[in-house]
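Let's take a walk through a protein model, stopping at a few side chains along the way. Have the sequence and the 3D view handy.

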Amino acid sequence: LDIGCGDGVWYLELRRRGVEVIGIDVSSYDLNKLKERAKKLNLKPEVVEADAQKMPFEEKTFDKVYSISTFEHIKDDGKVFEEVSRILKPKVILVISIP
């Protein structure tokens, strides 16, 4: 799961490499840009417009979650950590980068 996938810089690179990844972002504008970029690369994106503080995924769905340059924009990142804890399978990977 790519939390805050934005216009798809990291997301599309993973998809291009054959990685199965879902993107989530609150910005419909950015998600539309991602879809335009994906089309040019002949990729079919799987993205969801939603708030990371209340993600629309079942418990223990993902084995990897990453977020690049997103958490500094989230007002209550504690809620996001709770959601990540809920949707991650046990003993898995979470990668966060904050500039």
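Which side chain of opposite charge is nearest to Arg15, and how many Å away is it? Keep in mind as you look that this is a predicted model. You'll find Arg15 in helix H1, which covers residues 9-16. The nearest oppositely charged side chain is that of Glu46, 4.5 Å away. A salt bridge needs the charged atoms within 4 Å, and Arg15 has none, even though it is buried. Leaving out residues up to four places away in sequence, Arg15 touches Val21, Leu43, Lys44, Pro45 and Glu46.

Now hop over to helix H2, residues 28-40, where Tyr29 sits. Is Tyr29 buried or exposed? Its relative accessibility is 56%, so it counts as exposed.

Next up, the aromatic rings. The model has two aromatic pairs. One joins Phe57 and Phe62 edge-to-face, with 5.0 Å from centre to centre and 90 degrees between the planes. Both of these residues, Phe57 and Phe62, are buried.

The other rings to look at belong to Phe71 and Phe81: their centres are 4.9 Å apart and their planes meet at 45 degrees, so this pair is tilted. It links distant parts of the chain, ten residues apart, with Phe71 in the loop between strand S4 (62-68) and helix H3 (77-87), and Phe81 in helix H3 itself. Phe71 has a relative accessible area of 4%, so it is buried, while Phe81, at 37%, counts as partly exposed.

Key:
Residues numbered from 1 in each chain as written. Predicted model: local features only at pLDDT ≥ 70, side-chain atom pairs only at ≥ 80, totals over all residues. Heavy atoms only, no water. Helix = DSSP H or I, 4+ residues; strand = E, 2+ residues; numbered from the N terminus. Buried < 20%, exposed > 50% of the residue type's maximum accessible area, 1.4 Å probe, protein only. Lys, Arg positive; Asp, Glu negative; His and termini not counted. Contact = heavy atoms within 4.5 Å. Phe/Tyr/Trp six-rings, centres within 6.5 Å; stacked < 30°, edge-to-face > 60°.
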